[in-house]
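I opened this entry to record what I looked up in one model. The sequence and coordinates come first.

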Amino acid sequence: MTLVSEKSQVHKFHKEKLKDMSNHLLSKTSFLKSVQCSKAFFLYKNHYELKDPLPKEKQAVFSRGQRVGILAQSLFPGGIDVSPTHVSKFNDSVKKTKELIEQGQKVIYEAAFVHDGVLIALDILVYEGGKWYAYEVKSSLKISAAYVMDAALQYYVLSNCLPHLEDFYLVTMNDKYILRDTLDVQALFKIKSVKADAEKNVEFIKYHVQLAKSIIDKDVLPKVEIGEKCFSPYQCDFYGTCWKHMPTNNIFEFSGISKKQAQVWYEKGFKTVYYIPEEELSGNTKLMVQAYKNHIEIIDRLALQQFFSKVKYPLAFFDAEMYAPAVPQYKGTSPFEAMPFLFSWHRLDNDNAKLEHEYFFQEENSYAGKHLLDKLIEHATKVNSILVFDTAQELKALSAVVKHLPEYKKQIDALKNKFIDFSDVFTHLWYYHPKTKGSMSLKKIYESVFDKNIFDELPIKSGLLASYKYDDYLKETDLFNKQELKINLVEYCKTDTQAMYDLFVYIKVAML
Ligand code: SF4
């Protein structure tokens, strides 16, 4: 009863929001939804309350995007920001933009326009030499197809609202930029015209705008089959609604099968893993599907013996967390340059020894490099093997630091020789648990083997979120909150190496 009433209130709010925005039917977000799926668009417009909760990682990405957008405004200083005070007040922004243009304002931030029922808000609009130039900012190093589509919609509206629109640019982070003594905003960003791409897409945009409007006019939930599109270009916000009745053994949820392949099989009628004919399967996918169907673990004893023969005591389980700020924070670094700020180290001296835990955490807002490497080298001299889950990631982390501290190269090369990639055990199917459904993630493997998700109990559940939370930690001024963030970050990283240890012990026993 409570749930229904809460939902209807949210629904009412959304309806009122739409009513208030009655002179436009589509926003950039709703338009992009309509391109992905007509049902997603209908649900977004009419049943917003069914939208999946926004994951913390996505919220953090949005916040970062907003901060980068504000920083990019200083590329064109002196502008007036016409952002609405509330999402339902976009009409005021449209009106204000119009007034500012008429008054001769040269730079407008978040300039809002409506054409053909589509509302857009542009990051930066600049008037120069009798012409208008549009800039949309992306907190990213590359221009993706989704960004181009997004720009094409904005260009379609703008070119119909501004008689002298000369060009449309995407502003992205410059991967060649290196921070020196002070931040050089002009050099931090890269500006590329996408006008030609936008013009090529005008007919596509017009077609989809009309299609979206016809969905609104019909006011009937479109019948759409689930499939590959639910994951592309992003996982749909209504995934939870559409997929809730799907059996857990549906082929799209089997990570060992690509979404593209799953679509082909789904269309052939093989909706669950059980129905895929043997002759359609090969290689590791075949082994994983067979293991799933028969509920059996794969244990390749010979391969595991060879793997464990390389592991020499004393040994350690090692994992590092990375921080990759869009705007470089430390001298000599570039946008999104990943640097480790935390590592967890579980040491085991022999089969019967007590597991010892150590960690390194960079408390100061300064480059962790030297302190981190000194600590790591100190620990590494006491062990013969270092088990990591996916060596490539940890090697990348260390190489990133050595790039700034070349004097450590020799010691780090020696340390790398002790690395043993524990993920090989799973990716080569020397050990495979059927409940993982082809996933090679440490978290999923742990959950499948031990039938519990130890990460679920943690405030920080993913490496990506840990990276954003470290950013929060650096900015936090309240000492209590800062300490809490540190504890949560260390706990997350510690759980990773603890999970490796638990799996290591389990597999050693399972192979006997
Ligand atoms: S989950 Fe798939 S079918 Fe459902 S609305 Fe989203 S894209 Fe469409």
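**Conventions.** I count residues from 1 along each chain as its sequence is written. The model is predicted, so I note that local features need pLDDT of at least 70 and side-chain atom pairs count only at pLDDT 80 or more, while totals for chains, interfaces and linings use all residues.

**Overall.** I find that the C-alpha atoms of the protein fill a box of roughly 80 × 60 × 45 Å along the principal axes. I looked up the secondary structure and got 20 helices and 13 strands; these are DSSP runs numbered from the N terminus, helices being H or I of at least four residues and strands E of at least two. Of the 512 residues, 33% count as buried. For burial I use other C-beta atoms within 10 Å of a residue's own, placed from the backbone: 20 or more is buried, 12 or fewer exposed, and in between partly exposed. Among contacts between residues at least 6 apart in sequence, 70% join residues at least 24 apart; a contact here has C-beta atoms, placed from the backbone, within 7 Å.

**Domains.** The domain assignment lists domain 1 (2-210), domain 2 (246-283) and domain 3 (302-510). Such bounds come from an automatic or database assignment. I get 33 Å between the centres of domain 2 and domain 3, taken over C-alpha atoms.

Ala, Val, Leu, Ile, Met, Phe, Trp, Tyr, Cys and Pro count as nonpolar, Asp, Glu, Lys and Arg as charged, and the others, Gly among them, as polar.

**H2 against H3.** The axes of H2 (residues 28-36) and H3 come within 5 Å and cross at roughly 145°. Axes are lines fitted to C-alpha atoms over the stretch in contact, with angles from 0 to 180 degrees between N-to-C directions. From H2, Ser30, Lys33, Ser34 and Gln36 meet Ser38, Ala40, Phe41, Tyr44 and Lys45 of H3. The residues of this contact divide into three nonpolar, four polar and two charged.

**Glutamine 483.** Is glutamine 483 buried or exposed? Glutamine 483 is exposed, because 12 other C-beta atoms lie within 10 Å. I place glutamine 483 in helix H20 (residues 479-510).

Notes:
Two residues are in contact if their C-beta atoms, placed from the backbone, lie within 7 Å.
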